[in-house]
Amino acid sequence: MAIRFTVPLNYCPGCGVPLSRVQVDGRERPWCGQCGYVGFHTALVWAGAVVTDGAGRVLLQRLGFGRRAGNWALPGGLLEADETAEEAARREVGEETGLQVQLTGLLGVFSRPGDPFLGVVYLGEVAGGELRPESGGRFFSPEEIPWSGPFDHWAVEAALRQWLGQGQTQVAQE
């Protein structure tokens, strides 16, 4: 099976020469005959949380810019190389909402073939701070969750359903 890159990889990112293709680990991959670079299509790790307040309501953010404006999302973002997934989740919740969160457990890890993101979703409770109005954040009781969306990513709905006990983590079988 050939690896499908989101952006076609035609030139070596190391030395700039045109890439050819080679079989590595049973997959066709971009390869540079000059410097030996091999292209592996790896996922980006997204870390976030299903954050609840003292009343058991869940925090969702309505995104306000770009092509995703209007979509509902969980607070979170991409993992930096110098932090753990837990640290990234806490940092992103704080950056995006102004809230400090105490993580209480791992809700699940969400991935699908062909999706360039692997989502690590924690359970969290508000531990301090104030929800900034410009964050687009709002707390919803389980009955108020806007299931009509649109959600920012398929994993948002999957995480919410799992949090509510309506879904379970599916383990892919070979």
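The model is predicted: local features need pLDDT of at least 70, side-chain atom pairs count only at pLDDT 80 or more, and totals for chains, interfaces and linings use all residues. Residues are numbered from 1 along each chain as its sequence is written, and side-chain values use heavy atoms, with hydrogens and water left out. The protein has 2 helices and 9 strands. Its largest pocket has a volume of about 600 Å³. A search of the whole structure gives 7 salt bridges.

**Overall architecture**

- From the N terminus, the elements run β-β-β-β-β-β-α-β-β-β-α.
- Helices (H or I, at least four residues) and strands (E, at least two) are DSSP runs, numbered from the N terminus.
- The C-alpha trace spans about 60 × 35 × 30 Å along its principal axes.
- Of the 174 residues in the protein, 36% are buried.
- Buried means under 20% relative accessible area, exposed means over 50%, and partly exposed lies in between (1.4 Å probe, protein chains only).

**The largest pocket**

- The lining holds 26 residues; Trp46, Arg68, Ala73, Gly76 and Asp152 lie nearest the centre of the pocket.
- Strand S4 (58-62), strand S6 (76-78), strand S8 (117-129) and H2 each give two or more residues to this lining.
- S8 gives the most, with 4 residues.
- By type, the lining divides into 13 nonpolar, 7 polar and 6 charged residues.
- Here Ala, Val, Leu, Ile, Met, Phe, Trp, Tyr, Cys and Pro count as nonpolar, Asp, Glu, Lys and Arg as charged, and the others, Gly among them, as polar.
- A pocket is an open set of points on a 1 Å grid over the protein atoms alone, with protein on both sides within 12 Å along at least five of seven lines; a cavity is a set where a 1.4 Å probe fits but cannot get out, and lining residues have an atom within 4 Å of a point.
- Grid points are joined across faces, edges and corners, and the volume is the space filled by probe spheres set on the points.
- Ala73 belongs to strand S5 (residues 72-73). Ala73 counts as buried because its relative accessibility is 5%.
- Ala73 and Ser148 are 75 residues apart along the chain, and their C-alpha atoms are separated by 13 Å.

**Salt bridges**

- Side chains of opposite charge can pair when their charged atoms come close.
- The criterion is a side-chain nitrogen of Lys or Arg within 4 Å of a carboxyl oxygen of Asp or Glu.
- Arg57 pairs with Asp53, with the closest N and O atoms 2.6 Å apart. Arg57 is partly exposed at 33%, whereas Asp53 is buried at 16%.
- Glu95 and Arg91 meet at 3.2 Å, N to O. They are 4 residues apart in helix H1 (residues 85-97), so about one helical turn separates them.
- Glu95 is partly exposed at 48%, and Arg91 is partly exposed at 24%.
- Glu157 and Arg161 form a salt bridge at 2.9 Å, N to O. Both lie in helix H2 (residues 154-163), 4 residues apart, about one turn of the helix.
- Glu157 is partly exposed at 28%, and Arg161 is partly exposed at 29%.
- Salt bridges with shared partners join Glu83, Arg91, Glu92 and Glu95 into one network.

**Surface patch**

- Leu44, Leu78 and Phe117 form a nonpolar patch on the surface, with about 240 Å² of accessible area together.
- Patches take residues with over 30% relative accessible area and no salt bridge; like charges are joined within 9 Å, and nonpolar side chains (Val, Leu, Ile, Met, Phe, Trp, Tyr) within 5 Å.
- Accessible areas come from the Shrake-Rupley method with a 1.4 Å probe; for residues, only the protein chains shown count as cover.
- Leu44 sits in strand S3 (residues 44-52). Leu44 is partly exposed, at 42% relative accessibility.

**Backbone details**

- Most residues other than glycine have a negative phi, and most peptide bonds are trans.
- Asp25 is not a glycine, but has a positive phi of about 55°. Asp25 is in the loop between S1 and strand S2 (27-31), and is exposed at 66%.
- Gly149 and Pro150 are joined by a cis peptide bond, with omega about 0°. Pro150 is in the loop between strand S9 (137-140) and H2.
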